[in-house]
Amino acid sequence: MKKSILLASALFAGMFAGSSAQAAGRDYISIVGSSTVYPFSTVVAEQFGKTTNFKTPKIESTGTGGGFKLFCGGVGVEYPDISNASRAIKKSEFDTCQANGVKDIVEVKIGYDGIVFANSKKSAPLKLTRKDIFLALAKNVPDPKGGDKLVPNPYKTWKDIDPALPNEKIEVLGPPPTSGTRDAFVELTMETGATTFPFIHDMEKKDKNLFKATTQTIREDGAYIEAGENDNLIVQKLEANPHAVGIFGFSFLDQNADMIQGSIIENESPTFDNIASGKYPVSRPLFFYVKKAHVDVIPGIKEYLGEFTSEKAWGSEGYLADKGMIPMDKKERDLFAKQAKELKTLTMK
Amino acid sequence: MSGKEEILSEVTTKALHKERETVGSPFVENPRMTCREVNVYYGDKKAINNVNIDIARNEVIAMIGPSGCGKSTFLRCLNRMNDTIEGCRVTGDLRLDGMDIHDKNVDVVPLRARVGMVFQKPNPFPKSIFDNVAYGPKIHGLAQNKAELDEIVERSLKKAGLWDEVKDRLTQPGTGLSGGQQQRLCIARAIAVSPEVILMDEPCSALDPIATARIEELIAELRQHYSIVIVTHSMQQAARVSQRTAYFHLGDLIEVGMTDRVFTNPRHQLTEDYITGRFG
Amino acid sequence: MDQPEKNPTIDKVNRGLKRRYRAERRFRILGATAILTALCFLFLLFFSIVSSGYKAFEKTFIQIEVFFDPAEFTNENLAAANFPGLIKASMNSMFPEVTSRKDKKDLYYLISPGASFQLMKQVKNNPALIGQKELIWVAANDDVDMLLKGNIDRTRPESERRISDKQLGWLDTLAHDGKIKKTFNTAFFTSGDSREPELAGIWGATCGSFYTLLITLSLSFPIGVAAAVYLEEFAPKNRWTDIIEVNINNLAAVPSIVYGLLGLAVFINFFGMPRSTPLVGGLVLTLMTLPIIIIASRASLKSVPPSIREAALGIGASKMQMVAHHVLPLALPGMLTGTIIGMAHALGETAPLLMVGMVAFIVDIPHGFTDPATVLPVQIYLWADSPERAFVAKTSAAIMVLLAFLFLMNAAAVLLRKRFEIKW
């Protein structure tokens, strides 16, 4: 009993000594942010750790918003050095950063991610338009009988929307509202699909809030199922239920091509080349943001940037492409590689 | 003591308490312990009502009475075991060799070394026979070295009449003994710290007649060295082992006297009713 | 009484007898069904995990002949040498007929990217290799591994599998020459996390779990036992101790994520401890396991018979001596059981660690309490979320390891109880 108390107090003291020593400096890069960028930044981090004498960076998958919250917390070793994002930083986030003393931020665009609609190979591939998707998933849709008014979504099957589509119940598995994929999906498909109706298009100028509510609210009558952040789970559910459609990032389609197939959207199928060339309409840029104040404090940040922006990583033949990231074209790559090298500070008005 | 019986028998505690008197001879000359106006409360309930009694040297005094009469509660006042019971309060004057044992400055630890206790159910520690007996001397620092400790253990076990039965297996657990042996082990444990008084709370109620007889013999032997207060349910046992008997009834001490006299010629109606088996 | 053959009481008893036995039978059947159902689910769980996980304990290797070209090792720093180039060169010499750029890329794809690190390590350990030609077994890519384990169907059309027809041909050639082998996957037990399934291992997470639980154990056991002893043996019984007791029981039922939030606010934001470290994780889990240990310890203190306390007090032991010499040793087996169950609970926890940053990609094996680390269940969670198919088997394998640890801990609890339990 006495011994264990002694041991515990010694340990406790040791820990605090250790923690205070640790707080004085950190010898590894700390990265937070988007779960979409996570699979790519981890590959770079691993390569970086194994080929250099620096420690392997630590990467937390916190989601884009959560990442910025931590990143913009302040300057100092207890705050992360880099934040991954599956969208550009928002003005409000940028302002928080400024307010907390994170003045200089370097933005690096790293490539694209396609958002795919996919179903099981056991059924036929779907041919959709963004308008179809809007009509299938929005809470309120324009009255199918005509007229410029919104009615609660009456569509039960895909055939109700377009006679060319199969006579199957609408059943879509997708990410929850906390996910960056959901944000991008809403913005890239729902909004674009909605604006094909002229009166909704006009709404954007007249009543911004109503426009947002109309285009971004997803139906809650069971046709859209929030399947959690785990995209593997969605893939497994699609395999079990051939009539369901899933929404997730391209890399999961890439890895599971034997089980699921991407739906063709506006006559373009979600292939690597189509996303890279911009033909496939639902794709989004990926970024990471670097805290300039940390660059000379935490060892290896410059080298990590160098590794990430090297051709062997993000090039069209690089290892990130193998992992399913869609590279930018050469001109864009050169531009961002240059900006990263010069640590060009982001400005926002 | 027996010589004083005739004189003392006429004394009552009338002067001390108006409502109730203890019949017989509660007081002795040169007592080991004295108890005056002892009241015990459990919360609001009064469990012992104004008890006055002395405990003589080298005597066995038996406390008898129906269940719930307070005899065990009173016994536990004598070494302040009642302290461990939540909500129990003791008033009055209790003295051991003139020392007020309920005084705030009195430490219960040495008190309990002087007033040992044997419980109703044999409760040896789940340790070896040796460790059971040696525990008291160890914590009180009675032995300077191992040899002395061995000696104390042997002497205590001999006094408790257990030595011959266990001397070859001192390292075996005390809980492995038979019920009667366990109780004698507990007595050995109590006398290992050389107390002046031994309190026994129905020590034989969990034992068979043979083991009971063995313990009773032992009590008779121990009387040479100690004052023994024994609470018992068995009037026969009280008659066999004790010199004096005290009869409790609903928290009152009704009658105290020489055992022979109390059993053959009780002076109080309640005592007579109990002894003749009208209730109890 | 007058007519002994007609006893109305017995008649009444007999009439109800059947119903009573029926009720008992029903209850027994219900109980047996419940147990059976539970066993079925348990079996299903184990079956699904083991059937998908056992393959991860094997790993595919490909033999290549590497020429450690001295021309590559001109730099002082051995790590700067072009190791991937060495591997590419040896693949080229094995398949000289492959010439087009795309085909070459497909060919190199067969070998794990980890192979170059393996060569680097070998050269570092034995610089004499430079200039030599060596036959070396290197890890195959995860897709090759999956193919050889039968998880990729050869009969599918080429576009639907991650291994092309050409790659299949090369692999068949290699297999024919005896240059492919499957061995026990030691790397799985000795390496840290990786984004390449064939390189990923659980050692990093195991070390993280070890350090985290060490902190948890060394804090929560003494504190929990001390708190329980104080509350049970010394504290006065009044309204305050009642309130404390209710609160402790409540704390045991609080969702674990709440402890994560608390840990984030107190240990990281207020005390400024480093994120993602076993130190913070261990402290958070300490908060979580403390109520469990206190409750278990109090229960086992309560079960110590009062006669032992009286015996000790009766011969003049002080309260502290009574507790330390008699009550605690008797209560200890129960306390240890409670502690181990609490530890097993902590071992399987991810939610509170999410908040303190232990859900992270960490490659380096942690070597102390302040190195960034992750723990076993978090590793499982991260792998389950990875796109590469080979991680499915890894996930199940990691679950098997975690279950093995839990099994060991619970077995230890049973053993300890058996070993130290004292019968009256």
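A salt bridge is a side-chain nitrogen of Lys or Arg within 4 Å of a carboxyl oxygen of Asp or Glu. Between domain 1 of chain A and domain 2 of chain A, the count of salt bridges is zero. Before going on, please note that this is a predicted model, where local features need pLDDT of at least 70 and side-chain atom pairs count only at pLDDT 80 or more, while totals for chains, interfaces and linings use all residues. Residues are numbered from 1 along each chain as its sequence is written, chains are lettered from A and ligands numbered from 1 in the order in which they are written, and side-chain values use heavy atoms, with hydrogens and water left out.

Domain 1 of chain A covers 27–112 + 285–342 and domain 2 covers 114–283, with bounds from an automatic or database domain assignment. Their centres, taken over C-alpha atoms, are 30 Å apart.

Where they meet, twelve residues of domain 1 of chain A are in contact (heavy atoms within 4.5 Å) with twelve residues of domain 2 of chain A. About 830 Å² is buried between the two domains, with carbon and sulfur atoms giving 58%; buried area is the accessible area (1.4 Å probe) that two parts lose on being put together, summed over both. On the domain 1 side, Y112(A), G324(A) and I326(A) lose the most area to domain 2, together 45% of what that side buries.

Finally, look for the disulfide, a pair of cysteine sulfur atoms within 2.5 Å. C72(A) and C97(A) form one, with their sulfur atoms 2.0 Å apart. The torsion about their S-S bond is about -75°, so this disulfide is left-handed.
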